[in-house]
Each structure stands twice: as structure tokens, then as C-alpha cells.
Amino acid sequence: MGGLFGRAQFAAVDDVSFSLESAHAEIFAIIGESGSGKTTLARLILNTLAPSKGLIRFLGEDVSRFRGRRDRLQFMQKVQPIFQNPYEAFNPLKRVDRYLFASAYYFMGRPSRNAQEAAADEALKKVGLSLAELKGRFPHELSGGQLQRAAIARALISSPALIVADEPVSMIDASLRMSIVNVFKSLCDELKVSIIYITHDLATAYYISDRVLIMQKGKVVETGPAKQVLSNPRHPYSVLLRESVLSPDDVDKAPPGA
Amino acid sequence: MNLSIRAAGSFAWEAELMDTALTVCNLRAYYLTRYFGIEREVRAVDDISLAVKKKEIYGIAGESSCGKSTFIRTIAAAVRPPLRVLGGSIKYSFLDRDLYHLDDRALADIRWKRLSCILQGSMNVLNPVRRVRESFKDFAFPHMGLARPAFLDVVKQHLERLHLSPSVLSAFPHELSGGMRQRVAIALATVCRPEFIIADEPTTALDVVVQKDVLALIRETQREIGSSMIFVTHDLAVHANISNRLGIMYAGRLVEEAPTGVVLHNPMHPYTRHLVASLPQIGDLTPKKPLPGAPPNLADPPSGCRFHPRCPLAMEICRRAHPALTPLDSGRRVACYAVSPLVKPAVDSAAAPNRTQADKYAVFPR
């Protein structure tokens, strides 16, 4: 796989292979700093970019073959994205509930308005919100945490098998971050949705993920069970990442300032 | 236009002046709007008193929309309508009077030379169509009083101290990486060796690896030029690495203040306790419970203690009167009735009247 930017070829994602089993749901974290190709990888998985080389198979089928409208819709029903900044993901001039109804309309076989509302409400309940709270609201009327949960609810409407979450908590406050992360955990445990969790935050990755894959400049440097890799990294780059994580316990180590 | 600024407060400022770099007393700054006959008053900074010692890094933490940025704007004298300062005082050690008694020219003199800022989006600080050198000239040249070649020498030396090559001066902002841009922003803010630096989430947009370097650099520079600093971020792990003392803000008020180690190891206020408990850490798999409810709307804040609707320890009195930020042992101040019997209701300075409608909407006199 690789990206083609202008005339110069640059491998944004280089020789990455991994697989998630459809039989049992898990949270798979992809970790790396900016420029390591995390987002390109997410786009490839979401089938908005075609790989230059290599294959991405979803339930046995090559995703690059899904090109027509019907195929795409079917694929999108099973694989849903969540983006980094909820304020950018939602149009500020549209009411948030419209996104939920539109998803219900396209992915549930064009149901009636009442059925759309029921589906939206059900999805919102799964993330700890309700339609009554969101109905008629614009994005600026909601907090970042509520909006990101609404984005997750929107992704859940089509009952996907896989959610690709690209840095879903990096724009969110530390205090609300854990509420979003907890939602992912319960989705995986209770609804059996697999989640690809893309992040540069090792602490939340440790907290929720089952397996991790650490990328540096488009290449995979280390992969394995999350607890094992993150508590005992082997590759020099993983060690560097691990050491860069700031911890509240640092306050005892080096008294900062004068 | 006649707005009285009272120097009354929980601590007299003359006594503190000796080793204090900044004293803020009972500061209140509201956003006041009146459109189509609808008046709105957003109480973003309400009755904040704090003192920053010389050569100290004072951290401020709190979730978004708790008034952190408004507070920073107010102490940086960057108040523009609809934000109004409605009372209180801000006193820097290098000024002989209150910050809001200076005229525009005096303000322009101290800005950047004695009081500078490191802001969050370094891309927005640097002009995208001008080379970095021009930004340095715009910001620092008028304050340095040096001839142009000497000025550039000073800038180059300063950049080298921040591990930047002098060639960045000829670069455009988009040619630099995020970490380099942030270092350029730090260089800009510190080149005049200011006495006071205000840092508003300077590392939030950066990667973990770069973040650690930039933090070390900020600390190093601050120590070298001996300035005081207010450092704002919502990330307590960052505070653990940089702040000497930490103030926690909730809904426009300071709820707890103590040395950083004390806050992180032994938080007292229920909100602080929640913040510290919800920090994810490698090696820690205990379930983190989210706080119930949503942050309050500052246009219509809850009565009494603003945290009471979400507080697990809320009592009857919490609904009625807001607790004063009360000094306890080990340099701690806390505003919660549940943690100590010493905490008493605050004398509500907002209730003090002599504020007419005309005053309220008048542009704040400088």
C-alpha cells in the first residue's frame, strides 16, 4: 500500500498487515505520532482511498471492488467511521438529529419518520444520551463530549460490525475523555462491535484495547496484546513512545521549576 | 463609566507584594450581550483571587468552557466586548498600578517586553504569508531598542538556545513542523526576557514525543530568564510535569489550589478528586467512572456551589450559598463545605450593587 502525492511517490502506509476476526469483537488500537500514516490507514480501511498495492479484505471480499452505489452503501452499513473533531464532523448549520435520521433512512431501508426516530433514540440510549436531549439542537448547543457521543450513536444506527475511530478523544477534555472511552468499551463488550481505535494516547489505548499496533513512518514496528506491548515495549520507537507518556506520578520525580 | 475597583479581598495585597509577581483579587469578567432586547450575562470568570509568586509556574486546570481562556484574556489585558471586566483588580509586580488603569500606550509598552503569551495554535500566532524573521521584527523589534543587525544576532542566539537553527528565520510557518512552530512561538514569547509569561495550552496540539520536549524547553527557558508563568491546560499529567502550584477551575470559579504534588496525591474538592481519579495510566485498569450530568451553562449557573448538581457530597447548604475559597494546611485553599468545617459561605461580592444598567454596558474604561 502507498499513497501517491503529486509526482513524488511517498509510502504513507508501507507494508502493513493485520487482521481482525469477525467471530469475536475486540478493540484494536493503532498507535503512532502524527505523520506515521495512521489516518491514511483509516481511510484505506474505510475504502475512501484505494491502496496502490496490496489488498484489504472485509468478510472475505476485496473492498476495492465495492465501487457502485449499492455496494458502497452495503459496505458502509457494516463499517462506520468516527472522526477526530466532532465540531468539524457536524455541519454547524444543521441540526444534529438530522444526521441520525439520515443514517436511519439510508441504512434501514427507508423507514417511516417514526421508525427513524425510534432507531435514533435506541442508538442514543446505547451511548448514554436520548433523543429528547438532542432533538432540534445545533452542534454549538452541545458539549464536545455529548457531540462525540452523538457521532458514535450515528455510527451505531446501521448496526455495524466494525467502527473505525480516528483519534476520537484527542479533541476532548481529559475529564470527558474517559466517558467516551467507556462507551467504546461497552460497545465492544455488549454489542460485539469490533473497533479500530486510532490514537497517539498510550494511556487510553492501554485502558481499553485488546491488541495494539505501533506505527512509525508508515511501517509497523511492534504489534501484540496491548497490556504486554505497552507495559514492556521492545522496539526502540515503542520504548520512546512509552517514555514520552506523561504521568501524574512525575510530580515526585523531578520537582519542576525553580 | 464610573466603575469602582475594590482592592478588598481575602488577602491584602501590600503584604504579599514582596515576592509576588501577580496578584489577582476578586476578579469578575462577564460576557454581556444585548441583542434584539435579549440580555445575556455569561459569568465566565467569577470572583477569582490568586497570587503567583516570582519564578513560579502556576498551573490552571479545568474542563473546556470553565472560564480558563477568559481568565487568561483578562489578565493579559486583551479584553474586548462583549467581554467586560466588572470588578476586582489585577496587579503585576512590575507595574505601579492596576493593569486596567493603564492607557493604551503604557499597555503597548509592557506587552511582549514584560508580559508575553504562548498560545495554543502556533499556526495562528505566526503570519502564514510572512517569513518567521518578519514575525520576530513585528513582535520584538520595537521593544528591544537595538539596531537591526544586533537585534538579529540576539534572535539567532535565542533560537539556538531553543535548539532551533537560525535558518528557520527565513522559513515560512507552513515549512516548519508542528513542534518547530511551537518552539518558534516560545522563542517569540521569550526573546525579550519578559517577567511574566502566560501559556495557554501550548502543548495540546502536539504529539506525545514532541510534547515532552516542548515542556522541558518551556521549563528550561523559564528558569533561565527567571520569569513567572501561568500555565493553562486541561491535562493534569502535563501539570505534573511543569507546574509548581495548581489551581482547579470549575464553572468560572477557583475550587481548589495547592502545590501540584498535594493536589495530585491528596485532592480534597470532589471535582478535583474526580479529575485525578479519571486520569488513565499505563498499568492501571480500574474502571473510570464518568461524572454525572453536564458542565453548567454559565449564562445561568446553579445557585450556591456551582458543582452541587453533579456533586456526590452535596448537602443542603451547597444549594444556598457558594463556599469561600478557604486556606487550609500545606498551602492549600479549597471551596467545599464537605471537606472541612472551616469552609464558610463567601461574602458575595457580586451582590454589592452600585452597578447601573448604563455601567453594565459601558465599555470598560482603561
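Author: Two residues are in contact if their C-beta atoms, placed from the backbone, lie within 7 Å. This is a predicted model: local features need pLDDT of at least 70, side-chain atom pairs count only at pLDDT 80 or more, and totals for chains, interfaces and linings use all residues. Residues are numbered from 1 along each chain as its sequence is written, while chains are lettered from A and ligands numbered from 1 in the order in which they are written.

Reader: How many residues of chain B are in contact with chain A?
Author: The contacts join both chains. On the chain A side, 33 residues take part. Their partners in chain B number 38.

Reader: Is Leu27(B) buried or exposed?
Author: Leu27(B) lies in strand S1 (residues 20–35) of chain B. Among the residues that Leu27(B) touches are Val45(B), Ile48(B) and Ile90(B). A residue is buried with 20 or more other C-beta atoms within 10 Å of its own, exposed with 12 or fewer, and partly exposed in between. Leu27(B) has 21 C-beta neighbours inside 10 Å, so Leu27(B) counts as buried.

Reader: How far apart in space are Leu27(B) and Phe71(B), C-alpha to C-alpha?
Author: In sequence, Leu27(B) and Phe71(B) are 44 residues apart. In space, C-alpha to C-alpha, the separation is 8.8 Å.

Reader: Which are the edge strands of the open sheet of 8 strands in chain B?
Author: The order is S5-S6-S7-S3-S8-S9-S11-S10, with mixed pairing. Strands pair if DSSP finds at least two bridges between them. Each edge strand pairs on one side only. They are S5 (115–118) and S10 (326–327).

Reader: Which residue in S6(B) stands opposite Ser116(B)?
Author: S5(B) and S6(B) (residues 196–200) pair in the parallel sense over 4 bridges. Ser116(B) and Ile118(B) point one way from S5(B), Leu115(B) and Cys117(B) the other way, and all are buried. Opposite Ser116(B) stands Ile197(B).

Reader: Which residue in S8(B) stands opposite Gly59(B)?
Author: Strand S3 (residues 57–61) and strand S8 (residues 245–250) of chain B pair in the parallel sense over 4 bridges. Opposite Gly59(B) is Leu246(B).

Reader: Which helices do the buried residues of H5(B) pack against?
Author: Those buried residues are Val132(B), Phe136(B) and Ala140(B). Just after H5(B), Gly145(B) takes a positive phi of about 65°. The buried residues pack against two helices of chain B: H6 (148–161) and H7 (178–190).

Reader: What percentage of the residues in chain B are buried?
Author: Chain B holds 13 helices and 11 strands. Of its 366 residues, the buried ones make up 45%.

How values were computed. Lists of a residue's contacts leave out its neighbours within four places in sequence.
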